[in-house]
Amino acid sequence: MKTAVILTGQFRSGAYCFPSIKRHILDVLGKPDVFACIALDADSKGLSDYAPILSEVKEQEWLDEKNYIHHTAHDGFSLQSVLQQWKKLEDGFALMERHEKETGAAYDFVGRLRPDQQFFRDVEHPSTLDPTQCYVPKFHNWWGYNDRFAIMGRCRADAYFKGFYNLDHYVGNDGM
């Protein structure tokens, strides 16, 4: 069973959190191929601990917010940070897809991981999961959702990782 993990977001405490991520995620998943798309910051030099196959480390770019805020029912969050998170998810997934295309790699499962968190329990091994579903750890979810870790069969990964690409279609084809 071949698994990829896509590391995205701000690295922040990624080096500090690495031992718990290695023990409870990476080792449990059988040392998966890691792809990383993270923001350049003072801590991002610690990315080498994760030994990514492909990585992209760059300044956070300002993304066009169009008129998305008027299509949400929420206040008190940074629309820019949500857009940047979705864009990093998509960019990290593109690195994995590029690797699949160039090498013929075929992943059975794909995980999403933020590096700025610690884990204290093992995640479920993919062999116990239905590859047609998307999972968050039982101990780490918020009614089935979170923005920190998820694992899914490869057949579900496009829908999970390509939210930024589909955003205009979701809110109305022009983003207005």
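User: By class, how many nonpolar, polar and charged residues are in the lining of the second largest pocket?
Analyst: Keep in mind that this is a predicted model. The lining of that second largest pocket has six nonpolar and four charged residues, and no polar ones.

User: Which residues line the second largest pocket?
Analyst: The lining is made up of Phe 18, Lys 22, Leu 26, Asp 27, Lys 31, Pro 32, Val 34, Asp 49, Tyr 50 and Ala 51.

User: And where does the largest share of that lining come from?
Analyst: From helix α1, residues 14-26, which supplies three residues.

User: What volume does the second largest pocket have?
Analyst: About 150 Å³.

User: OK, on to the sheet. What's the strand order?
Analyst: Going across, the order is β3-β2-β1-β4-β6-β5. It's an open sheet of six strands, and the pairing is mixed. β3 (54-58) and β5 (134-135) stand at the edges with a single partner strand each, so one side of each has no neighbour in the sheet.

User: Which way do β1 and β2 run, parallel or antiparallel?
Analyst: Parallel, with seven bridges joining β1 to β2 (residues 33-39). If you want a spot to look at, Leu 7 is opposite Ala 36 in β2. β1, α1 and β2 also form a β-α-β unit, and that unit is right-handed.

User: What about β1 and β4, how many bridges there?
Analyst: Five, again in the parallel sense, with β4 covering residues 109-113. Ala 4 sits opposite Val 110 in β4.

User: So where does the antiparallel part come in, which strand does β4 join that way?
Analyst: That's β6, residues 149-153, which runs antiparallel to β4 and is joined to it by five bridges. Leu 113 stands opposite Phe 149 in β6 there.

User: Back to β1: why is it described as largely enclosed?
Analyst: Because seven of its eight residues (the strand is residues 3-10) are buried, β1 is largely enclosed by the rest of the structure. Buried here means under 20% relative accessible area.

User: Switching to α2, what span should that helix have, and how far apart are its end C-alpha atoms?
Analyst: α2 has 25 residues (79-103), so at 1.5 Å a residue it should span 36 Å. The end C-alpha atoms are 36 Å apart, which agrees.

User: Which residue follows α2?
Analyst: Gly 104 follows α2, and its phi is positive, near 80°.

Conventions: Residues are numbered from 1 along each chain as its sequence is written. This is a predicted model: local features need pLDDT of at least 70, side-chain atom pairs count only at pLDDT 80 or more; totals for chains, interfaces and linings use all residues. Side-chain values use heavy atoms; hydrogens and water are left out. On a 1 Å grid over the protein atoms alone, a cavity is a set of points where a 1.4 Å probe fits but cannot get out, and a pocket is an open set with protein on both sides within 12 Å along at least five of seven lines; lining residues have an atom within 4 Å of a point. Grid points are joined across faces, edges and corners, and a volume is the space filled by probe spheres set on the points. Helices (H or I, at least four residues) and strands (E, at least two) are DSSP runs, numbered from the N terminus. Ala, Val, Leu, Ile, Met, Phe, Trp, Tyr, Cys and Pro count as nonpolar, Asp, Glu, Lys and Arg as charged, and the others, Gly among them, as polar. The expected span of a helix is 1.5 Å times one less than its number of residues. Buried means under 20% relative accessible area, exposed over 50%, partly exposed in between (1.4 Å probe, protein chains only). Two strands pair if DSSP finds at least two bridges between them. A crossover is right-handed if, with the strands pointing away from the viewer, the path from the first strand over the helix to the second runs clockwise.
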